[in-house]
Protein chains: 2
Amino acid sequence: MKTINASIITIGDELLIGQTIDTNSAWMAQELNKIGVWVRKRVAVGDVWDDIWNALDEESKDSDIILITGGLGPTADDITKPLLCKYFGGTLVVNEDVLKHVNYLFEKVYRRPGPMLERNLKQAEVPDVCTVLHNARGTAPGMWFDRKSVAGRARVVISLPGIPHEMKGLMVNEVLPRLTKIFEFPVILHRTAFTMGTGESMIAEKIKDFENSLPEHIRLAYLPGYGMVKLRLTAKGDDKENLEKELNEKFSELKELVSAWLVSDEDESLAMVVQKILKEKNKTIGTAESCTGGYIAHLITSNAGSSVGFKGSIISYANDVKERILGVTDKTLRSVGAVSEETVIQMVKGAVEKLQVDFAVATSGIMGPDGGTDEKPVGTVWVAAGNKDKIETIKLAFRFDRARNIEMTAHAALNFLRKFILANT
Amino acid sequence: MKTINASIITIGDELLIGQTIDTNSAWMAQELNKIGVWVRKRVAVGDVWDDIWNALDEESKDSDIILITGGLGPTADDITKPLLCKYFGGTLVVNEDVLKHVNYLFEKVYRRPGPMLERNLKQAEVPDVCTVLHNARGTAPGMWFDRKSVAGRARVVISLPGIPHEMKGLMVNEVLPRLTKIFEFPVILHRTAFTMGTGESMIAEKIKDFENSLPEHIRLAYLPGYGMVKLRLTAKGDDKENLEKELNEKFSELKELVSAWLVSDEDESLAMVVQKILKEKNKTIGTAESCTGGYIAHLITSNAGSSVGFKGSIISYANDVKERILGVTDKTLRSVGAVSEETVIQMVKGAVEKLQVDFAVATSGIMGPDGGTDEKPVGTVWVAAGNKDKIETIKLAFRFDRARNIEMTAHAALNFLRKFILANT
């Protein structure tokens, strides 16, 4: 079966001066991948007429679907809509449905006083050669251009606003359902093994023979994250039932090979793995964070439903908070300092007691760039996990920048807590 | 003066299946921008020989500098190095310096037992037609190719590993200093006005005349974030002194126009603005977070030096933690619920007392996707900020997904705290 290719073009100077990180493309690629579209290229260009035009020409050569995001906002530097209008040989006309929707948003939702600005009314203008896609979450509509009469491979060009939640709404409600109607997609299946505790090259060595044994239509990807490596098998074919059977067999082999480091056989976050364990075992947790400054709590509460097992945290950045709320002793802080095994043990004790949880994890370390000493260089971290009867500790040493040290510490601590819970329930 | 153009090519299937969000390109673009390079295009391709080759050909046409990241890891799917070798007509040879460095890392830093894997030793192989750039932070070296003898515009092609902190080290220590030696860059100056409290279109309307008055060589960019808009003026020219004078005048005009919403006249984070205020006024803060789950504390502690003003937080996700540690009354929780003005007021009181801080901010809300009611739909949030004498509150209503609701709430709450501190010291 022929592969359906897509290109994603993102438009906007903000992407090229580096002010905005492009999270849209990753999300879009994931969604397209799920329905069987292979994103072969992503291109970011500025608000520059020729660059946008050339990117459209270029991507039309090899992609069946071109998705464009950005360049549709109400500010002056947006040239995307007039360009698309000219590219597809149309005229800009006011769309009454969009106008009604824009009016509704300004009156009822945003509740802006006074008459609407002309630049907002302009949002209702669309090329007369496109199908308008309703944007329930904002003023800029999506635009769908069919290319029956145009040379080249691309059959569909879709333009979406760059605001992530608007783009996502349009993708889910309009774009993906329409694409599945037009194209005949192959069956695409994924299985992901989530590992922590070793590096990419060690895993690669371990599964070398397995990797070589994979058939052409099953691909393996290494997806490294913070202290973790996800191994994703992707199978492509026509017969779903057989493909699934074949993939599951290969996936079982893979899991067996990496069982020492396996955290989950789903593509999910570490916090979600912990959340499922807590739910299953009907247990509660809390955190006592110094150097991670609330980031572990944030990782946990990013998941809907985290309130089932997570009760709360004490972020004790200052030593007197460690003493007063968590009960770390003045003697410990004076003799061995805040970044010490004794301190994190006392922090876990305090957290279990004060938050009244079954398990707690504590962190204390030096995240940098300043604050390191010869004895305790930047990246030195103590982690403790425990319950009311028992506490275990681990000392970590990272050598990254502050943001990455915080990420690495939080994930390592959460994994340490996960293992403690599994070993002690 | 001729503009120096750059293209950034990122390589790796993980970017195209959407597993990895590309943060490298944004950072690189910022750094290149600072020295006067205009990034005109960013392209992401998979680990596919033809796609990488074609991207190199294509970007060579219009860019003076091509930066490549990714595709250099030790796993099997990396074809970038052989491809570059062929593209530039060289042979892969073992580089003794790199080999020594790889050995050193494995023995002394990673402390891996046993002999090194062949795939790791391969990291020391480089094309004999490139200049090797020392990667102090990892095993994969950077590679610098000069293009004197090749047709097309691109004069330099630079290949860097995709691991962010390795790429950053190479950029700062090797790539940027070398580029400034080879190219004559124009003077590029930026000034950024950081606003919160209104939208892009309202600002655009307010500064319409100002925008039209800008000369050709000073550009304005709107950079929207979570509840904020940054306005960046970029000036380009030859004479630094005059350009600076001209830019400062325009920037003063701009600041005056947006003064009602101005948070800072630096391109910095909101947390950094608060940190500077605390340092200047010698005050301390803490947070009492329910729905933001530690994210405000994380925003604050992401900045080095945050321990000067930030003492800690109580994340009271469960109601009994709100009661026991923060002193929210059972009566309040029963009568008006956790998402209420009364609750956040009591949370601020509790935080000021328990954390012994001058100011505190509290959040309680429904972040979704579940948990909403007719009376309190998803996105309903109460925020309070105060000191021991006075507490102010605000009710917010968002309508996004969970992640964005948390981001929006955290930024709105931190800004509310900022304004309270400024008004009450």
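Reader: Which residue stands opposite A:K41 in β2(B)?

Author: B:V45 stands opposite A:K41. This is a predicted model, in which local features need pLDDT of at least 70, side-chain atom pairs count only at pLDDT 80 or more, and totals for chains, interfaces and linings use all residues. Residues are numbered from 1 along each chain as its sequence is written, and chains are lettered from A and ligands numbered from 1 in the order in which they are written.

Reader: Why are strand β2 of chain A and strand β2 of chain B said to pair?

Author: Strands (DSSP runs of E, at least two residues, numbered from the N terminus) pair if DSSP finds at least two bridges between them. The two β2 strands, residues 37-45 in each chain, have five bridges in the antiparallel sense, so they pair.

Reader: How many residues of chain A are in contact with chain B?

Author: Contact means that C-beta atoms, placed from the backbone, lie within 7 Å. By that test, 73 residues of chain A are in contact with 73 residues of chain B.

Reader: What makes up the side of chain A that touches chain B?

Author: That side has 32 nonpolar, 22 polar and 19 charged residues. Ala, Val, Leu, Ile, Met, Phe, Trp, Tyr, Cys and Pro count as nonpolar, Asp, Glu, Lys and Arg as charged, and the others, Gly among them, as polar.

Reader: Which residues does B:A360 touch?

Author: Among them are B:I285, B:V348 and B:G386, not counting residues up to four places away in sequence.

Terms used. Contact = placed C-beta atoms within 7 Å. Helix = DSSP H or I, 4+ residues; strand = E, 2+ residues; numbered from the N terminus.
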